[in-house]
Amino acid sequence: MLPQDRQNEIMKQLRKFRTIKISDISRDLNVTRETIRKDLYEMEERGLIRKVHGGAILNKAKFETKYITRKSTNEIEKRSIAKRAADLVEDGDTIYVDYGTTALFFAQEILSKKDLTILTNSLPIANELVDYSEFEVIIFGGNVRKNEKSLFGPIAYRNIEKLYVDKGFFGIGSIDINAGYTNVHMGEAEVSRLMMNNSRKTIMMADYTKFKSIAMNQVASIVEVDVLVTDSNTDEEILTQLRERNKKVIIVETEGSVIIE
């Protein structure tokens, strides 16, 4: 079992029971206690849990929001994708960063860039970037979508009409491929759709699980996507279909090496 799979299982148990014992989880996962201690140490470093004698507890007693829960799911893949996508940002760019957990990791990866103007509808992302003097951070305004901490609604839509960026970076709710046609879906559809239209280049960031899920809101055809950044666990048949549509696909190995196709 891969470390991320173990850590996902640990988080699943913690969300259910609020506490775990090292002895129990090592037995359930059939690994040594030392392996679990190492996992817990890494998870504590990321702020997900707090180690206690013989086990661990969640950092917060209250239930996590869906946003926080998703943040710890497939985190290795998401961070690898975000890091590679950040290489596409050049100093002086004006960019849009969509809401979502992969987009938040992306925001953390661009902190070394200079002279960026960054538009976002995500309060967590704005909060992540606002203290950096090299950045001009712009948020749209509008209604707050509480479970995502993102902005939407008529005020946001009107403001977006006047805003254009060099590159838009989008997290994906899902991608469906069927009947020879590919659709991209995202949760807060209207904001994402408008900003795709107002981006000179559109970059999608999606881990392998996004090609297997179904989302309610269609945002755009894949033909409107310029670059897809994904991980090496994505099905090869799906990647072949994307290449046939002349899409640039960047495949990121979670170990850190990168293959560009």
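Is Asn 30 buried or exposed?

What we have here is a predicted model, where local features need pLDDT of at least 70 and side-chain atom pairs count only at pLDDT 80 or more, while totals for chains, interfaces and linings use all residues. Residues are numbered from 1 along each chain as its sequence is written, and side-chain values use heavy atoms, with hydrogens and water left out.

Let me start with the overall picture. The protein has ten helices and 16 strands; these are DSSP runs numbered from the N terminus, H or I with at least four residues for helices and E with at least two for strands. Of the 261 residues, 47% are buried. Buried means under 20% relative accessible area, exposed means over 50%, and partly exposed is in between, with a 1.4 Å probe and protein chains only.

Now, back to Asn 30. Asn 30 is exposed, with a relative accessible area of 70%. Asn 30 sits in the loop between helix 2 and helix 3, and its phi is positive, about 60 degrees, although Asn 30 is not a glycine.

The crossing is right-handed, which is the label when the near helix is turned clockwise from the far one by less than a right angle, with anticlockwise being left-handed. Helix 2 brings Ile 22, Ser 23, Ile 25, Ser 26 and Leu 29 to the contact, and helix 3 brings Arg 33, Ile 36, Arg 37 and Leu 40. By class, that contact has five nonpolar, two polar and two charged residues. Nonpolar here covers Ala, Val, Leu, Ile, Met, Phe, Trp, Tyr, Cys and Pro; charged covers Asp, Glu, Lys and Arg; the others, Gly among them, are polar.

Ile 22 turns up again with His 53: the two are 31 residues apart in sequence, but 9.2 Å apart in space, C-alpha to C-alpha. His 53 lies in the loop between strand 2 (49-52) and strand 3 (55-58), and counts as exposed at 86% relative accessibility.

Helix 3 has another partner, helix 1 (residues 3-17): their axes come within 10 Å and cross at roughly 75 degrees. That makes helix 1 and helix 3 roughly perpendicular to each other. The contact is made by Pro 3, Arg 6, Gln 7, Ile 10 and Met 11 of helix 1, with Thr 35, Ile 36, Asp 39, Leu 40, Glu 42 and Met 43 of helix 3. Its residues are six nonpolar, two polar and three charged.

Which residues does Asp 39 touch, leaving out those up to four places away in sequence? The answer is Pro 3, Arg 6, Gln 7 and Ile 10. Asp 39 is buried, at a relative accessible area of 2%.

One more helix pair. The axes of helix 5 (residues 75-86) and helix 6 come within 8 Å and cross at roughly 50 degrees, so helix 5 and helix 6 are oblique to each other. This crossing is right-handed.

Finally, Asp 115 is in the loop between helix 6 (101-109) and strand 5 (116-120). Asp 115 is a residue other than glycine with a positive phi, near 55 degrees, and is exposed, with a relative accessible area of 51%.

Note on methods
Contact = heavy atoms within 4.5 Å. Axes fitted to C-alpha atoms, helices over the stretch in contact; angles between N-to-C directions. Parallel < 35°, antiparallel > 145°, perpendicular 65-115°, else oblique.
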